[in-house]
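Me: I would like to learn how to read a protein structure step by step. Could you take me through some features, giving the general idea before the case at hand?

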Amino acid sequence: MDEKYDVIVLGTGLTECILSGLLSVEGKKVLHMDRNDYYGADCASLNLTQMFRKFRDGAAAPESFGRDRDYAIDLIPKFMMANGAFVRMLTHCEVTNYLEFKQIAGSYVFRDGKISKVPANEIEAVKSPLMGLFEKRRAKKFFEWVQNYSEKDPATWQGLDINKVTMAEVYKHFGLESGTQDFIGHAMALHLDDTYLHQVAKESYERIVMYTMSVLRYGKSPYVYPLYGLGELPQAFARRSALYGGTYMLNKPIDEIVYDPATGKVAGVKSEGETAHAPIVIGDPSYFPAKVAPKGKVIRSICLLKHPIPSTDDSDSVQIIIPQNQVGRKSDIYVACVSSTHKVCAAPYYVAIVSTKIETDKPELELQAAYDLLGPIAEKFVSIVDLNEPTADGTQDNVFVSKSYDATSHFETVCEDVFSLYKRVTGKDLHLKSWEELQAAAAAAQQ
């Protein structure tokens, strides 16, 4: 371990593993360490024994749940947008060779006390039970505008320059009701709150296009998910990093972060009497408690069900978003459900994970709207964690700290943190190949 590296990464959470993989592929000499004896950190997938050890003080799991090895339950649920940045990161680092994915069967949104499938285009909008007859016509025109819009052709704008008008002005132009705005802004554009309404429409437009393009890739829903749980992802990045010379060390306590007294910049990491030297250190908030500040708390409830979620066409997997305005909150509530089809639990069980940002002193009551959708719950594991963010950007001492994982059930906010950290670490933007570039490269490789 007494060697020099270009970068030391602490913690094998997903954000850290992605950065480790990206930097290794670019030729950096990376040392990746974790105090735990398993990959994943907060993003780990646990078997039934581990779940009861963590949440039930080591009590034995009931035999009725089936074999221990059939379970790989995510501590933090996240789905991948099929056409999103995260899947392109997987492809960019070529870690898809180590993983097998399955599509999530449905994307749903809560409105007026019930859930309905999120329409992804003008055809689905016309059929959607989310809207009345006249609102369907208005939504159809909105989706046609999204589909036909071209920044290079002002004739397609209908007077709406997405670089100048706000999203609120776009909604007003099409006369869309607040409930329709909710599912477009929160279930399609995946905004965390309503501040987007007063920002220029370009980002929202691009998010909606990404959602619809993701649906088009596989049909049914825009989301995909790895078999055997999200815990497979950090291991896949670790394998890829190792191929490029990356070194991984598990079960390594971090005794001290070493700084150069002359410059104040980081110089390495000390563990078990040895020091690894590097001019850059990246890590999750748990390794740098003095460098982060809490920005709220997240509650997650992992629920085992014996049935699919009602009103989802008996789907083996779904995402449900409960927009904040529908339940009088400031934050959305998320439900991510997978099943034995995804190799994460024994049949006939389903794993539904409910999460949101805490707003009151009775956090579990805040999940009641989601619990009401699930039906009878066979077992429930509840956790409350701090949402930590770094207090500095890391450029002063070259210690770069990631953010805690938020309540969302998708990877878009994780990608934003990766892009931000990558630029701060390297000084350049992360360029991921477009789908067209990836397809061209695949075609050239086959010739």
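Me: Where is Pro348 found?

Reply: Before anything else, keep in mind that this is a predicted model. Pro348 is found in the loop between β17 (333-339) and β18.

Me: What joins Ala347 and Pro348?

Reply: As a general idea, most residues other than glycine have a negative phi, and most peptide bonds are trans. Here a cis peptide bond joins Ala347 and Pro348, with an omega of about 10°.

Me: Which value does phi take at Gln158, and where is the place of that residue?

Reply: Gln158 has a positive phi of about 55°, although this residue is not a glycine. The place of Gln158 is in the loop between α5 (133-148) and α6 (167-174), and its relative accessible area of 44% makes it partly exposed. Asn251 is another residue to look at, with a positive phi near 60° in a residue other than glycine, and Asn251 sits in the loop between β10 and β11 (256-259).

Me: How should I read a sheet, and in what order do the strands of the open sheet of 5 strands lie?

Reply: Strands of a sheet pair through backbone hydrogen bonds, either parallel or antiparallel. In this open sheet of 5 strands the order is β10-β2-β1-β14-β20, and the pairing is parallel. The edges are taken by β10 (247-249) and β20 (399-401), each of which has a single partner strand, so one side of each is left without a neighbour in the sheet. On average, neighbouring strands of this sheet are turned by 15° against each other, direction ignored.

Me: How many bridges join strand β1 to strand β2, and what packs on the sheet?

Reply: Strand β1 (residues 7-10) and strand β2 (residues 30-33) run parallel and are joined by 4 bridges; looking at one residue, the bridge partner of Leu10 in β2 is Met33. Helix α11 packs on the sheet, where it touches β14 (281-283) and β20, and the direction of α11 makes about 175° with that of β20.

Me: Which strands give me an antiparallel case to compare with?

Reply: Strand β15 (residues 292-305) and strand β19 (residues 379-390) pair in the antiparallel sense over 11 bridges, and within this pairing Asn388 of β19 is the bridge partner of Pro294. β15 also runs antiparallel to β18, to which 8 bridges join it, and there the bridge partner of Val298 is Lys357 in β18. A further antiparallel pair is formed by β11 and strand β12 (residues 266-271), joined by 4 bridges, with Glu256 standing opposite Lys270 in β12. The hairpin of β11 and β12 has 6 residues between the strands, and in this hairpin Gly264 takes a positive phi near 80°.

Me: Is Thr356 buried or exposed, and which residues is Thr356 in contact with?

Reply: A residue is called buried when its relative accessible area is under 20%. Thr356, found in strand β18 (residues 350-357), counts as buried because its relative accessibility is 0%. Leaving aside neighbours within four places in sequence, Thr356 is in contact with several residues, among them Lys297, Val298, Arg329, Asp332 and Leu367. Thr356 and Leu367 are 11 residues apart in sequence, and their C-alpha atoms are 7.6 Å apart in space. For a contrast, Gly27 is exposed, with a relative accessible area of 58%, and the place of Gly27 is in the loop between α1 (14-25) and β2.

Me: How do I read a helix, and how many residues does helix α8 have?

Reply: An α-helix has 3.6 residues a turn, so residues three or four places apart point the same way. Helix α8 (residues 202-218) has 17 residues and reaches 25 Å from its first C-alpha to its last, close to the 24 Å expected at 1.5 Å a residue. The buried residues in α8 include Ser204, Arg207, Ile208, Tyr211 and Val215, and the helix is followed by Gly219, whose phi is positive, near 80°.

How values were computed
Residues numbered from 1 in each chain as written. Predicted model: local features only at pLDDT ≥ 70, side-chain atom pairs only at ≥ 80, totals over all residues. Heavy atoms only, no water. Helix = DSSP H or I, 4+ residues; strand = E, 2+ residues; numbered from the N terminus. Expected span 1.5 Å × (residues − 1). Buried < 20%, exposed > 50% of the residue type's maximum accessible area, 1.4 Å probe, protein only. Pairing = 2+ DSSP bridges. Axes fitted to C-alpha atoms, helices over the stretch in contact; angles between N-to-C directions. Contact = heavy atoms within 4.5 Å.
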